[in-house]
Amino acid sequence: MEQPILEQLRKQTRPAHVALEAQSLLQRLLSSSLTEAEYGQLLQSLLAFYESLESELVPATTALLAQHPDPDYRYLPRVPLLANDCRALGCDYSAVIRPPVALGLDGSAAFILGVLYVIEGSTQGGRLISRHLAHTLGVSENSGASFFNIHRWDNSWMAFRHWFGRDLACHYQNDMNKMIEGANMTFSTLHTHLDQSQVLTHEQ
Ligand code: HEM
């Protein structure tokens, strides 16, 4: 059975997930008329977001793992994958305008766990998205869609849930609101970032 805290996180972030799926760049991602240019633009936006996020999240997760060691869980950096995908698509990601992403990781472990829940859980959407990308653009994990194929070769989502269930859930059960805040902040920051990068692209 799923951890009650993870169930809570899923429930409390559902509206933010639904809203993000409707964001126009992500909506286009699942369109049957998706173009390589649109997919490239999304990859560039995601790359900018993860560059900003991971500069804070990677050290924060390392510190959390030092406090609560786990034999299996480690954070898989997404930036190298997204950079490779951009290269495979031929997009010039070095020229991407990177609007600053204000994430405000507040340093509390519960907040960071909420952020990690969203990032690790998002690989589950990849099951659907990767099939669609293979079908529409013919891209696979080796040719521009490694980010959306993480679920195929990396078990971080399962390892994260086990790590969480072993002792974190008990340790941070009174910090549920902080966790939900971290998770919803991640959804809303990405949503705003995608909206803004779309405006910037249209202004160029
Ligand atoms: C077009 C975009 C997206 C689609 C179609 C999509 C779809 C899905 C699907 C089908 C699942 C599996 C649900 C289940 O097994 O019950 C899922 C899970 C999830 N997605 Fe998305 N997703 C998208 C984008 C995102 C993004 C951008 C994020 C956050 C960065 C995200 C975060 C999550 C999380 C956290 C879960 C795990 C929920 C849980 O099991 O607790 N998704 N998504």
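Author: Helices here are DSSP runs of H or I with at least four residues, strands are runs of E with at least two, and they are numbered from the N terminus. Also, this is a predicted model, where local features need pLDDT of at least 70, side-chain atom pairs count only at pLDDT 80 or more, and totals for chains, interfaces and linings use all residues. Residues are numbered from 1 along each chain as its sequence is written.

Reader: Which helix bends, and at which residue?

Author: That's α8, residues 156-171, which bends by about 55 degrees at G165. In α8, F160, W163, F164 and L168 are buried, and the elements covering the buried residues of α8 include α1 and α5.

Reader: What makes T123 count as buried or exposed?

Author: You count neighbours. A residue is buried if 20 or more other C-beta atoms lie within 10 Å of its own, exposed if 12 or fewer, and partly exposed in between, with C-beta atoms placed from the backbone. T123 has 23 C-beta neighbours inside 10 Å, so T123 counts as buried. T123 sits in the loop between α5 and α6.

Reader: What does T123 touch?

Author: Two residues are in contact if their C-beta atoms, placed from the backbone, lie within 7 Å. Not counting residues up to four places away in sequence, T123 touches I150, H151 and W157.

Reader: Why does D154 get the label it has?

Author: D154 has 15 other C-beta atoms within 10 Å, so D154 is partly exposed. You'll find D154 in the loop between α7 (150-153) and α8. The C-alpha atoms of D154 and T123 are separated by 9.5 Å, although these residues are 31 apart along the chain.

Reader: And why is Q23 put in its class?

Author: Q23 has 18 C-beta neighbours inside 10 Å, so Q23 is partly exposed as well. Q23 belongs to the loop between α1 (4-21) and α2 (24-29). Leaving out residues up to four places away in sequence, Q23 touches H191, L194 and D195. Q23 and L194 are 171 residues apart in sequence, yet 7.8 Å apart in space, C-alpha to C-alpha.

Reader: What makes something a nonpolar core?

Author: It's a set of buried Ala, Val, Leu, Ile, Met, Phe, Trp, Tyr and Cys residues joined through C-beta atoms within 7 Å. The largest one here has 46 residues, of which L43, L82, L113, V115 and A183 touch the most other members. The largest share of this core, 10 residues, comes from α3. Leaving out residues up to four places away in sequence, V115 touches L57, L105, G182, A183 and T186.

Reader: Which residues come nearest to the ligand?

Author: A residue is near a molecule if its C-beta atom, placed from the backbone, lies within 6 Å of it. There are 17 residues around the ligand, and R10, G121, S122, Q124 and G125 come nearest. The most shell residues, 5, come from α1.

Reader: How do you know how far to trust the model?

Author: Look at pLDDT, the predictor's confidence in each residue, from 0 to 100. The protein averages 92, and 92% of the residues score at least 70. Among its elements, α9 has the lowest mean pLDDT (88) and α6 the highest (98). Where pLDDT is low, the predicted coordinates should not be read in detail.

Definitions and conventions: Bend = angle between axes of the 7 residues up to and from the residue.
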